[in-house]
Amino acid sequence: MDLLLHYKGWSNLDMKVPLINPERSDVLDYYLPKWRFFRQEILAGNWPAWNPYNQLGGVGIWNPTEQGLSIPFLIFLIIPNEAIAYTLARSANFIIASVGTYLLLLVMFRHRTAAMLGGITYAFCGFNIAWAHWPHVTTSALIPWVLLGICAYLETGRVRWLALVSGSIALLAYGGFPFVAEWGALAAALLASTILIGQLKNGDSRIIIFSRAACLFLAACCGAIIALPGVLQMLALLKTTDISHRSGGTVFAPSDVINLLGFDFSKKVGVERTVSTSYIATGLALFGIAIAVFRRERYTIFSLVLLVIVTLVVFGVLPRDLVRALPGFDNNVWSRGSALIGLALAMLSASALAYISNIISRPLAKIVSIGAVALAAFQLHGNFAQMNAKPELQAYLPETPTISHIRSKLIPVQSVLADNSYIISGTISNYFVPEFFGHGFRTNSQELLMLELATNFRSTSTASSLACENITPTLPALTYVGVRYVLISDRCRQGIAYLSDGHGHRPSPLIDQNGLDGVILLEEKRAISGATFTFATYTAATAPGRVRFCLHDSSREIACSFLSAEEIKDNKPGTFRFAKDILLPAGEYRYTLQLLPPFEASKKLSVWSFESPKEQHFTTSGQSREFIPKMSLLFEREWPNSFDLRSLEPGITLVENLAVSGSSYFLDDLRNPDLPDFDNVTLTEYHADDIYLHYTGNKAGWVVLPIRADSNWRGTIDGENVSVERFLDLFPALQVSGSAHIRLYYDDAGVLRSFVRLPLIGLCVLLAVLFIGRRLEQKVTS
């Protein structure tokens with residue numbers, strides 16, 4: 001919420017919350033809106049099988065990636081105050097991780113204080129505190145529990161531990177982030193192999209070893225069967241989605257190794273790059289490596305091997321093609337495996353502390369152990385506070401005049417577009433307002449329609465950030481999608497005369513008094529009112545000094561504009577406005593961007609640029625560079641008469657699309673449609689997954705509902721089943737020949753059967769495994 005309140009959409013609220021973490025958080029535009037919908041529906045007595053808010057519709061609580069079937073969501077659901085519920089839900093992950101790691105290390109090293117050190121070291125490792133609000137931690141918190149079940153069962157042969165193996169594997173799969181779950185599975189396989197090989201080398205009974213291995217494998221399969229419905233849901237979604245744009249690899253540089261040691265945390269902080277842990281724990285872990293090398297204790301060796309393998313992968317040392325051949329590694333960032341670096345360091349530090357405590361006197365051992373835990377806890381607390389804010393309760397999703405107005409006026413199925421005054425598209429969905437550009441995977445048809453509504457909308461491969469200048473008010477497209485309101489910054493009353501183009505995202509060379517020098521090509525005559533750049537101040541609150549933007553033709557300086565240091569914010573657009581509009585003929589122009597003295601030499605300033613520009617027109621200090629800034633030239637835009645513009649609060653303009661007057665509309669033809677007709681279609685009853693309409697016209701054609709449907713949607717006309725066609729390959733359309741009563745509903749009976757039958761099968765098989773395992777254990781040990 002500290003991030004939320006630092007954007008223009010909420011700037012008129014009388015709330016001052018320090019910004020702790022400047023990085024955009026998916027929790028605000030992806031996870032929390034879905035959790036709020038699930039909670040609202042369940043408390044109202046409905047099962048949230050379909051979510052109408054994200055991207056105008058998507059699979060609801062059945063989809064494991066949304067964490068609706070996780071322990072944190074259960075906590076979020078049952079606690080009355082939602083803000084407190086959310087805080088406790090996220091805190092639960094750290095309790096689960098620390099307790100699981102503590103019990104695992106207690107089994108491994110038989111030392112309580114050492115296990116306590118390892119428990120907090122893993123729970124609050126860099127990966128977990130950086131991803132605290134994401135499903136990454138919901139998933140990573142369960143990895144120690146899987147390892148605990150494996151370790152305890154193979155060591156003792158008590159079959160009750162097999163139930164923990166199955167249950168924790170199932171919960172791991174429903175944790176919400178499959179790639180972290182895959183890392184956990186790799187760690188589990190390595191641990192089981194280490195223990196079994198060690199037992200074989202020790203000369204233990206082969207019958208016992210192989211029977212336990214077989215029972216462990218079957219228990220793991222039971223956990224996978226219980227989780228299979230969720231896995232099938234994810235696979236079904238991926239079949240309709242192009243994820244080829246996601247590329248696996250590392251974001252770590254060799255210099256980031258220092259962050260493994262717990263130093264330099266504040267400079268390396270970032271959700272992708274943070275791997276820091278306590279330097280106390282890391283120092284003990286280095287001693288633990290020596291123990292693994294010279295004493296060759298089984299679990300210390302496992303910890304060292306795990307650390308080496310994971311570090312080689314996440315730092316990109318191993319051959320890239322070899323790593324990408326593993327399932328999931330070709331379209332996920334490898335740095336997310338750094339959770340296991342934190343776990344390996346926790347185990348090595350616990351091993352070292354246990355060893356030290358056993359070789360020194362008991363009173364001294366207590367002092368050393370408790371001191372190590374206290375110092376580690378102090379540093380981990382400080383690291384956590386650098387990434388996560390603690391705002392007041394009233395800062396939890398507060399409403400603004402504009403948000404309150406649209407909530408009171410929107411009827412079901414109507415939607416909005418919000419520019420980056422409201423962070424990332426999808427954030428407004430927290431207020432139960434549908435957004436077409438919401439965060440998530442998209443189909444090719446959806447992408448094409450998005451391009452009609454906005455240019456250059458991609459923030460990442462799955463998220464959208466709409467600069468107000470990039471929204472194109474094309475009446476047919478906005479109306480087909482059912483967009484009734486567009487929420488924009490006041491500056492969005494301007495249009496784009498020129499927009500640079502390219503691929504990727506990188507900062508330009510640092511701007512100094514020598515400046516950056518670029519060339520643009522204006523394709524038509526325009527009255528230019530200003531220009532925009534998105535600046536990078538490298539987390540500094542302000543720029544080093546004033547920045548001047550000047551526009552030149554071949555012979556002279558045409559116009560200049562200035563931004564003060566305070567007007568330039570990190571990762572936010574800065575708009576240079578001319579004193580008056582400058583009428584420019586079509587042609588080539590040069591512009592400069594310069595930092596004016598005096599400026600603070602200790603601060604840095606860049607503009608965000610394309611990594612692979614489609615044009616090469618930029619220089620710095622007279623040298624051509626392989627980049628081009630993301631910039632635009634602005635002109636005063638005209639909005640069609642069918643749009644009503646008003647301002648309910650300073651800095652925000654609310655644009656109402658008067659053409660969208662209902663929830664559904666009639667088209668005479670799906671291939672060459674006229675403008676939608678809302679007058680003859682009435683919404684008679686609405687539920688998120690069951691919608692009733694009445695078409696009162698007498699013309700033959702199609703009734704279209706602007707929701708993003710999938711293959712589970714069914715339709716009836718006057719009680720008779722009919723096929724559901726698609727308009728724009730997205731929206732459900734039902735053919736009518738005259739007046740008709742229409743029902744459109746989401747049929748998730750097959751999904752429900754899958755979520756009941758497969759877990760029951762898994763539980764039955766698990767009971768059989770427990771019975772057989774117990775009988776085998778009795779037989780081979782008697």
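## A first look at the chain

Start with how the chain holds together: of its contacts (heavy atoms within 4.5 Å) with a separation of 6 or more, 74% are between residues 24 or more positions apart. This is a predicted model, where local features need pLDDT of at least 70, side-chain atom pairs count only at pLDDT 80 or more, and totals for chains, interfaces and linings use all residues. Residues are numbered from 1 along each chain as its sequence is written, and side-chain values use heavy atoms, with hydrogens and water left out.

Along its principal axes, the C-alpha trace spans about 90 × 75 × 50 Å. Buried residues (under 20% relative accessible area, 1.4 Å probe, protein chains only) make up 56% of the 782 residues.

Now for the charges. Side chains of opposite charge can pair when their charged atoms come close. The structure holds 16 salt bridges, each a side-chain nitrogen of Lys or Arg within 4 Å of a carboxyl oxygen of Asp or Glu. Here are some of them:

| Pair | Closest N to O |
|---|---|
| Glu155 and Arg298 | 3.1 Å |
| Glu399 and Arg407 | 2.4 Å |

The Arg743 and Asp690 pair links distant parts of the chain, 53 residues apart. Asp690 is buried, as its relative accessible area is 14%. Arg743, at 25%, counts as partly exposed, the class between buried and exposed (over 50%).

There's also a network of salt bridges, which links Arg484, Asp644, Arg646 and Glu656.

How values were computed: Helix = DSSP H or I, 4+ residues; strand = E, 2+ residues; numbered from the N terminus.
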